[in-house]
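Subject: Structure for you to look at

Hello,

Here is the structure I said I would pass on. Please open it first, and then read the notes below with the model on your screen.

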Amino acid sequence: MTSDVSSFRGHHPSRVRRSVLTVPAINDRALEKLMSLDCDAVIFDLEDSVAENRKGDARTNLLNFLRDRDLGHRERIIRINAADTPFYREDMELVIEAAPDAVLIPKVEEPVAVQNVADMLGENDATEGLRLWAMIETPRGVLNAAAIASSGRTSDSRLDAFVVGLNDLRKATGIPAAPGRTYLVPYLMQVVLAARAYGLDVIDSVSNDFRDMDAFSEECAQGRAMGFDGKMLIHPAQVEPANHHFGPSEAAITEARLVAAAFADPAHAGFNVINIDGRMIERLHAEEAARLLDKVATITARKDKP
């Protein structure tokens with residue numbers, strides 16, 4: 001098997017995932033609000049935000065909503081309850097019937113947790129386009145992040161992305177919530193590294209105080225600097241700043257266009273390294289530039305659509 005992660009990007013389709021808003025599947029008002037929000041993806045939560053005695057109502061509510069609404073460009077992800085709960089099988093029945101874009105598996109600690117969900121989807125003839133996301137939110141999950149990510153390299157894997165869950169990780173490690181997430185950064189970087197090693201997207205954890213937008217912006221900037229693709233959100237007010245921080249900057253777009261044009265020049269055909277204004281640019285930078293410009297084109301095409 002090749003070690004070139006770029007060769008797996010066709011298997012794991014490139015998506016824009018700057019803003020990933022989580023919404024309780026039981027909350028009608030929050031669901032209706034989605035149609036006016038410019039979030040890239042929506043996680044419909046059947047797990048933590050839904051009381052045990054409302055799980056059935058939440059499934060019915062979500063199925064009716066997804067049947068009646070066209071969410072346009074917004075990626076649709078259903079967050080199920082874990083396999084060791086009495087709600088898992090009915091959640092998966094809903095997934096198979098509703099056919100979202102992805103399933104978010106909570107508290108993933110071993111590759112087998114991902115494989116079991118993939119097997120159930122395969123046994124029920126779910127389309128290949130129905131992908132899997134894994135929540136990394138426990139100490140074992142962080143320690144095994146590379147092994148979990150590596151399962152996404154197989155030819156039949158549905159695994160597309162990691163989502164970090166810091167609330168559970170803080171609880172398990174005893175690390176308090178504090179500005180800067182100082183003592184959590186090593187864990188966050190370990191998850192980012194594992195995702196990058198195996199060609200997965202990786203989404204930063206929620207910021208719990210949605211009223212403190214300055215702190216949220218600082219956390220977005222930190223997450224972007226650490227290499228995250230986007231951020232999991234809990235409030236509509238967080239969508240716009242997340243799109244800003246995790247979207248391509250004007251400087252990055254200008255640089256990408258410069259690199260792409262230089263490598264497209266027939267004079268540079270066959271070159272893997274070229275000189276641009278006194279800087280040595282490798283072909284791998286051209287590949288990165290092409291991916292960034294693809295995302296820019298996707299974002300631009302959305303502006304006049306619902």
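**Helix α4**

The buried residues of α4 are V114, V117, A118, M120 and L121. Seen down the axis of the helix, these buried residues fall within an arc of 160°, so they line one face of α4. The general rule behind this is that an α-helix has 3.6 residues a turn, so residues three or four places apart point the same way. Please keep in mind that this is a predicted model.

What do the buried residues of α4 pack against? Their partners are the helices α3 (88-98) and α6 (145-150), together with the strands β4 (102-105), β5 (131-136) and β6 (159-164).

After α4 comes D125, with a positive phi near 60°.

**Helix α8 and L188**

Helix α8 can be read in the same manner. It has 13 residues and reaches 18 Å from its first C-alpha to its last, close to the 18 Å expected at 1.5 Å a residue. Its buried residues are L188, V191, V192, A194 and A195. They cover an arc of only 160° around the axis, which puts them on the same side of α8. Just after the helix, G199 has a positive phi of about 75°.

Is L188 buried or exposed? Its relative accessible area is 1%, and the cut-off for buried is under 20%, so L188 counts as buried. Leaving aside neighbours within four places in sequence, L188 is in contact with V164, L166, R181, D204, M226 and F228.

**Two residues with positive phi in loops**

One of the contacts of L188 is R181, which is found in the loop between α7 (166-173) and α8. R181 has a positive phi of about 50° although it is not a glycine. At 3% relative accessibility, R181 counts as buried.

A99 lies in the loop between α3 and β4. Its phi is near 50°, a positive value in a residue other than glycine. A99 counts as partly exposed, at 41% relative accessibility.

**R140**

R140 lies in helix α5 (residues 139-143). With a relative accessible area of 42%, R140 is partly exposed. Which residues does R140 contact, leaving aside its neighbours within four places in sequence? They are E109 and E110. R140 and H235 are 95 residues apart in sequence and 29 Å apart in space, C-alpha to C-alpha.

**The two largest pockets**

The largest pocket has a volume of about 910 Å³. It is lined by 34 residues, and those closest to its centre are D229, E288, R291, L292 and K295. The elements that give two or more residues to this lining are α8 (185-197), α11 (250-264) and α12 (283-302). Which of the elements gives the largest share? It is α12, with eight residues. By type, the lining of the largest pocket divides into 14 nonpolar, six polar and 14 charged residues.

The second largest pocket holds about 500 Å³ of space. Of the 27 residues that line it, R18, D38, N243, I299 and K303 lie nearest its centre. Here the elements that give two or more residues are α10 (239-246), α11 and α12. The most comes from α10, with five residues. The lining of the second largest pocket divides into 10 nonpolar, eight polar and nine charged residues.

**Where to start**

I would start with α4 and colour V114, V117, A118, M120 and L121, which are its buried residues. After that, find α12, which gives residues to the lining of the largest pocket and to that of the second largest pocket.

Regards

Technical notes: Residues numbered from 1 in each chain as written. Predicted model: local features only at pLDDT ≥ 70, side-chain atom pairs only at ≥ 80, totals over all residues. Heavy atoms only, no water. 1 Å grid on protein atoms, 1.4 Å probe; cavity = no way out; pocket = protein on both sides within 12 Å on 5 of 7 lines; lining within 4 Å. Points joined across faces, edges and corners; volume = space filled by probe spheres on them. Helix = DSSP H or I, 4+ residues; strand = E, 2+ residues; numbered from the N terminus. Nonpolar A, V, L, I, M, F, W, Y, C, P; charged D, E, K, R; others polar. Buried < 20%, exposed > 50% of the residue type's maximum accessible area, 1.4 Å probe, protein only. Arc of directions from axis to C-beta. Contact = heavy atoms within 4.5 Å. Expected span 1.5 Å × (residues − 1).
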